[in-house]
Structure formats: C-alpha cells, structure tokens
Amino acid sequence: MASNKKGGGSSRLEKGVNGRRSTKHRESPVADSDRNHLNREETDKDKALNSEAAVMDTKAVFAALYGVCEENTTFFSGGGKGSQGDAARRLVEAMSSIQEHARSLEPVVSGFAAVYHHFDFDPHIPANGYRSLVKVVRCCLLHIIHKGRYITANRRSIFFRLAHNAGEMEAYCNALCQLRALLYLAQRMLHDNSHGNLFFQDESGLSESFVREYSSMHKGCFYGRCLGFQFTPAIRPSLQTIAIGLVAFGENYKRHQSGIVEAGGIAPYGVAASSFFTSGKYAIDPELRGAEFERITQNLDVHFWKAFWNITETEVLSSLASMTSTTVKVNRALSVPPVPFDLPLAANHRASVTIAPPSAHIGTAPVQMRLISYDLREGQDSETLLSLCRSEGGAISLSLGLKAKRLPSSPCLLLHFHGGGFVAQTSKSHEPYLKSWSQDLGVPILSVDYSLAPEAPFPRALEECFYAYCWALRNHHLLGWTGEKICLAGDSAGGNLSLTTSMRAAAFGVRMPDGIVAAYPATLLTAYASPSRLLTLMDPLLPLSVLSRCLSAYAGNEPQTEKQVEKVSTLSLVRRDTALLLRDFRQGASNWIHSFLDSSRASSSPSEAAEATPGATDAMRKSVSEAAFSSPHADPPVAAEVSEFATRKLSVKSQTCQDLGAHNSKSTFQIAPLISEEDTTEDVNFFLCKDPDPSVLSDLSLVAIPPPAGEEVSESAVSREFPRGFEPLRSEQLAEMRMQSSPVVKDPFCSPLLAPDSLLKGLPPVHIVACALDPMLDDSVMFAKRLRTLDQPVTLCVVDDLPHGFLSLSQLSRETREAANVCVERIRAVFTQEDTPPEPRKHRKLERTDGGLSAFPGEAASLFIGPVEEEEDAVGRGVKVIDEEDLVTVAAQSNTDAGEIGA
C-alpha cells in the first residue's frame, strides 16, 4: 500500500481538483474565440445567489460610518463619561477628522466603482489597481466602523480603555487621510493614461510626481496599529511578527555597522539572535514600531534587505522549516560545471546550437541548482549526478541507506526559479512548498540558485536560468525525468525569469517548455506609475523604496559591495579615535612646517585625489557592466558583432537580442533574427486600446483629475497634486529615492511587458497567479492583456486578501495554503494538457455568497472570489444593510470588499 501511495506519480498528475478547498478564486480560461460564451445557466444561478446575500454597498458603508462617528462624538463631547479627559478630546478630534475625510472620499469611491471595470482583464476577472485601491479604502472604513461600534458598546464599562481606543482611532484616521491622497493620485492616472491601460508610460511627469510624493508622505501609520489591516486576519499575526523582527534587526544592524560590536565582526544570524532580545519594545509600542519601520524602509540600502531576507537561509531556521515540511527521498544541491554543449533546434533536429556557459559580470562559474523529488527515481542516484552534488554542511539528503524503491523516470519535470527581488534568498528558503509540490504532483523539481544582484546584475541571472533549462533538457536521464514535458514556474522575480527564459529559448530556437506558471511576476521593471503600485505606500513586504532598490540593483545601478566598517569593541573604538586624533595633529603640524619650507606645495592635491577616486570607481563599475554586455564570451558568441554592439552599449536591446542574428552551430545552421533592427523597445507599445468608446471616455472624465494648468513644475506645484484645502501627512525624514532611468530596465529580457510581439508570440501557454492587494498586480493584468491581444493562450487567476510572496508563507495559514494549491493546479494543467483547470467545488457555506461580503459568521475567512455578475447588472445594485454589530465585526475581520464587484 505504501508503494502505491508513493509510486503513483502519474496518478497524482491525472487526478482532478477535488473539494478540498473551501473557497473560490477569480480566474480566466485560456483566451480564445469561445471565451465569452459561458454557461448562462450557472451565471444566472450565481447572480441569484449573490442577490440573496446581505452585503453592505458603498452608500451603506459611509452611512454606517457617519452614524457611529456622530454618536461617539456626541457622547464624549456632551458630558459623558471621561469627556473632560485628554483622551476623550483626542477621540472626538479623530472622529471628526474621519467624517471629514469620508465626506470627501464618498464621491471619489463611487466614481471609481462606476469606471474601474473598464480596466479588468475580462468581465469575469474583476481585478486591477483601481479596484484594489477602492477595496483598501473600504476595508479601512469597515475597521473604523467595527472599532466605533466596539466603543459604543463598551464605553460605559469600568474596563474600557479610553486612551487605547483613542490611539486606535487616530491611527486609522491617519491611514484614511493617506488613502485619500492615493485616490487623488489615482484620479490623476485616470486622466493621463489611455483607456484600458494601467501604466503611465513615462518615467517623468506623473511617475516622477508619484515618487516625489511617496518620498515625503507619512507611512508609519500603516506599520503600527494598522499593520496588515487590508489582508486576511489569519495572516496578520505573521506580518506583525515579520515587522517586529525587521525593526529589531534593523536596530542591531545599524549598531553593528557603526562599529560598536565585539572584535572579529558578527554574522547576519548573530544580528538576528541579538535582535530577539530587543524586539519586545516594538511589540508593546506600535507607534514606535511604525516610526522605526518607516525609517528602515526609507534609508537602509539593498545590502540590509539582502541580509534580512536571507535569515531564512540560516541553519537554525532552515532546520525548523525542514522538520515541519514534507519528507522527500531526494534533496540534493548540485553544482553544474560551466562547460558549453550543443542542443538540437526545435525546427530542425539535424541542426544544433551551442549553449555557452554564463559569463556576464563575474565570469564563468558553476551554476547552482537543487534537485527535489518525493520519490527516488531512475538516474537520481547515479554516479554522474552524485559527482555534481555539493556539500551544504548538513546531513546527506539522499536516502539511500534505507534501500528506497527506485521508481521509473517521471514523464514531467518542474523547473523552478525562486523569488527574492533578484537580490536575496535561494532554493533553500523555498524548500517547504517545493517539497509539498513534489509530493502532490509526483514529479521531480529542479530549482535554480541563480547569482544575485548587486554583485551579479542583469543579465547574469537570466543567463544562468537559461543555461540550467538547456542543461536539464540535455541531461534529463540524471534527473529522474524522461524528457517529455517540462513546466517553468517562479514567483515574483522568479516569475520574471520564467518568462524571460522562455523568450530566450524561443530566440535560440531550442525546444520550448510546455507551459509557464508565474506567481505574482514582475513584468515591468521601470519606474512607470500605476494604480496598484500606489499600494507600495502601505505594503509591509514591498514598500516602494525597497522595490526600487532591488530593481536598481538588478539593473546594475547599486554598489556591488557594502561599505566596510571596522568592527571593534567599545574600548577599542575609543583607542582608535584617540590614535586618529594624534595622527591628524602630527599630519597637520608636518604640513604647516612644510608650507614654510616649500611655498609651492599645493594643498589641494589630497582633495583632488579624493574627488577623483569616486569618479574612477564609477567609471570602473560602468566599464565592467558594459563589458559584460559586449563581452565576446557572452552567449551566443558572435565575434563579428561584438565591436558593433559596443558602439551601441546604451541601446535598450540586450546582448541576447543583438546576437540572435547569427551564431555558430555544428551544422553551420543560420537562425534568422527574431527582432529586426527597426523593432526596438521604443516602438513596442503595450497600450492596447486605440479607439475607446466615447461614452467610456465620458465616464472616465467624470472621475479623472487633470494636472494643474498653466503651472511649471516647481515646489509650488507639489501641493497642487491634491485638491485645494487638502494635504496628506508628511514624514519627518524624506526617503532616499532616486529616479534613475537606466536603459537596462527597458530591455525586453528584463521587462517582458516591453517585449516585441515577435518574442511574445513564441511563448508557450502562460498561467499567471496574482494577488488583488499586490503592488505588482497591474504587471500581471497588463501582461495577460498583451498575450490575449496576440491570441496567445493565457490564464489569469487573482487571489484575494493575501500579500505579495504568499508562497513563502504557505505553511502559516489555511488561506496561503489554498493559494499555493492554485499554483499546483496550474502546473498540473500544464502536465496534463488541460486547457483550463477543473472548477473547484464550492464549500456549502459559500454557495450563497460568492462575490459579496459575507453576512454570516461562518463565512468570514473567504479567500477567493468567484466569477461574478456582469458589470452592467452589478453597477448600481442596491442591497439591504444589516445594522447588527456582529455583521460589521465579520465584515471588518473578513476584509472583503463590500462593494467590490460593482457597488
């Protein structure tokens, strides 16, 4: 029986999706001519069920907010208990400010609700950045209503903490003020963007204005008491733990960087260990945590984030994760030597192409990978594979001592690229869910540990991922794979690499993967503004300042090494400073004496040398980066094209594109270039709609806000980004944000959304899993739109109420596990050649309430939103409001958008 359970790799692939999931997700089938002809009977049933659900529409939410604020304001300002105290005054002021913000927000929210469906992928996938912003605003309002009703019910109790509740209201009032500013910026985007497009295709103007506003706006309110309010309640404790750990780690990291540590330095895990003892104050004081979180995210460089995100790579945490994850038979780290090899061409198997090893930036080096397999299969214990294994300092991961049964090779292989912002983590951090996937799918998984920025910026990671893909095709017999079907999968940065690796395979003419599964991928690495990227103001895992540093490091704009600081003890620090002081005195006296002896001595020489050093360093850095692009050793090697490309090193086309025209092969087979000389990235237009309906433009004009007329961009124009009389809260210290326009980020192999049609048409079926509250949501929606416009097979699934990076949190809650299962379904669909994954069975409690706010306590944890009624039926739909406190409690806990579908 055990062998049947473990050996059923094929049976696990063939099994359909059962009723394990208790919720539903928004998904789109493969784009084709029959996409709009859905089952009308099922759609009508969903409409009937939704109409029976008791939900709170937009007007009802604002009416409830006004009522609870006025009632509490009257009580605490009219002689009620505690009305004379400072806390009561604070509470009344917060309630009054909330009402003021709400009165200004109500018409804006209603206006967005009438037009945001124009930006959806299709009517059955209601997701885009405008929807997400409105959803977050409504969620904030629901939390305020819930807190206000709690105050109403408990304000006469002797255990009622007035000061605490006043602080809660002040925090949400500040959050509502900042959300109001974001909606105003979103109105500007509606005006400046063309119909149906979510990105402002320019790094100046509106995009620059957004970065300027972000750097000065107060963000600490979103990281204190309101941390993670927009996400599902089950994930908030984990986010709070991460935030507390981050600020404690940042405090100790800063102290260690200042040199006040023990001699000999301290490892990153030492910083983490010492942070454990200083984290208590941040757990007790949310305002302190929010202020410190804002300071860290705004000012610390990419090396800090690399160190913090790599905490999961430490032996202690990785061992704990390994103990709680699925046990697999094979888990080996591989080091593949960098040797060139030949692969047959997909169009002509008699011809071949030479795959050169990666060489950009850091030269040739072994490519690191990890092989994970739930079952031991043919070839996975071969001497050839074992000779490639590298030691990780732990126990042997290949269970050969138990004489495990060796199963036949699997017909399928999953090639995985991990996330981490291109700068952090390895496959070890992603082991827990990869082990589970290997068991559920019954296939081996090869995860690539590509080189990380800023030490190895673009295109090094892409080169290594493509090399690993080609190596797996050529050496399938070592991986327990027959070589039949292969799927590429990745999350965040790994999703980007999954797409660009496939594009490079198409450019080389080698075999394409059978499908791509990209979870919340980054498809546009430029500084273009979009409504979902406004969410970076409040996202605890992906603030804009952190995102920009990661992308800048990948583009090669960040310093490769951290500034080294001498690490000494406190006493040694005093001795060092004393010695430096005495040295300066001696040097000063010597210079003063020599100035009399030699009047021609130039005192400016040291300063000139000091000024020349940074320039020389920058020039060297630039020359190294450019040499990596124009190196004759970059694959595919074309000696004749190197000098020509060197004169165009600032072109937005990558080395990969430039060298596609010709490269050597065993049969001297010549491949025609996929990108013509005139098909540059500047000519690529991802604006999809040329002639919008005049009625649509009229609707948008009612909501959009034009820029200030007749004013030059100046300091006075900064305040005019918002209506007169309103100004968002400003931060005490500005973020270090730099608008660096690099041609690298516009390379189609860096930003797939900017790729020409000729490259995108060669992609296999693409399955995208996005998050509704992810700042990168618009990347997924617009990329899916582009593929659909080209008649490429694509599906888009959007999960609700989860943050960016939910795969790494898949072991922490039921909601994240269900979202991870969506990715498994997509991968299984690739392997079983299904056009669309089977529709999951609804939970009996959710059959009545798909698409709306749950009105029943048992439905508070809804994660996915199913196909909803069409917009014309949804807009303006009035629903009865239930005023009981229990309803609002459930509404605030569930974070489900009260009028999300079409209020």
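**Aromatic pairs and confidence in a predicted model**

F304 and F308 are four residues apart in helix α13 (residues 302–309) and are therefore separated by about one helical turn, where helices (H or I, at least four residues) and strands (E, at least two) are DSSP runs numbered from the N terminus. This is a predicted model, in which local features need pLDDT of at least 70 and side-chain atom pairs count only at pLDDT 80 or more, while totals for chains, interfaces and linings use all residues. Residues are numbered from 1 along each chain as its sequence is written, and side-chain values use heavy atoms, with hydrogens and water left out.

A pair of aromatic rings is described by the distance of the centres and the angle of the planes. Rings of Phe, Tyr and Trp (its six-membered ring) pair if their centres lie within 6.5 Å, and planes under 30 degrees apart count as stacked, over 60 as edge-to-face and the rest as tilted. A search of the whole structure on these terms finds 20 aromatic pairs. The ring centres of F304 and F308 lie 6.4 Å apart with the planes at 10°, so this pair is stacked. Both residues, F304 and F308, are buried, a term that stands for under 20% relative accessible area, with exposed over 50% and partly exposed in between (1.4 Å probe, protein chains only). Ring pairs also join F304 and F308 with F249, W305 and W309 in a cluster.

R155 lies over the face of F75, at 4.1 Å from the ring centre, and the charged end of R788 is over the ring of F121, 4.3 Å from its centre.

L407 belongs to the loop between α15 (383–386) and β6 (410–417), and because its relative accessibility is 10%, L407 counts as buried.

For the protein as a whole, which has 30 helices and eleven strands, buried residues make up 58% of the 903 residues. The average pLDDT, the predictor's confidence in each residue from 0 to 100, is 73, and 62% of the residues score at least 70. Confidence is lowest in helix α22 (residues 639–646), at a mean of 34, and highest in strand β9 (residues 515–519), at 98. Where pLDDT is low, the predicted coordinates should not be read in detail.

Definitions and conventions:
Lys NZ or Arg CZ within 6 Å of the ring centre and 35° of its normal.
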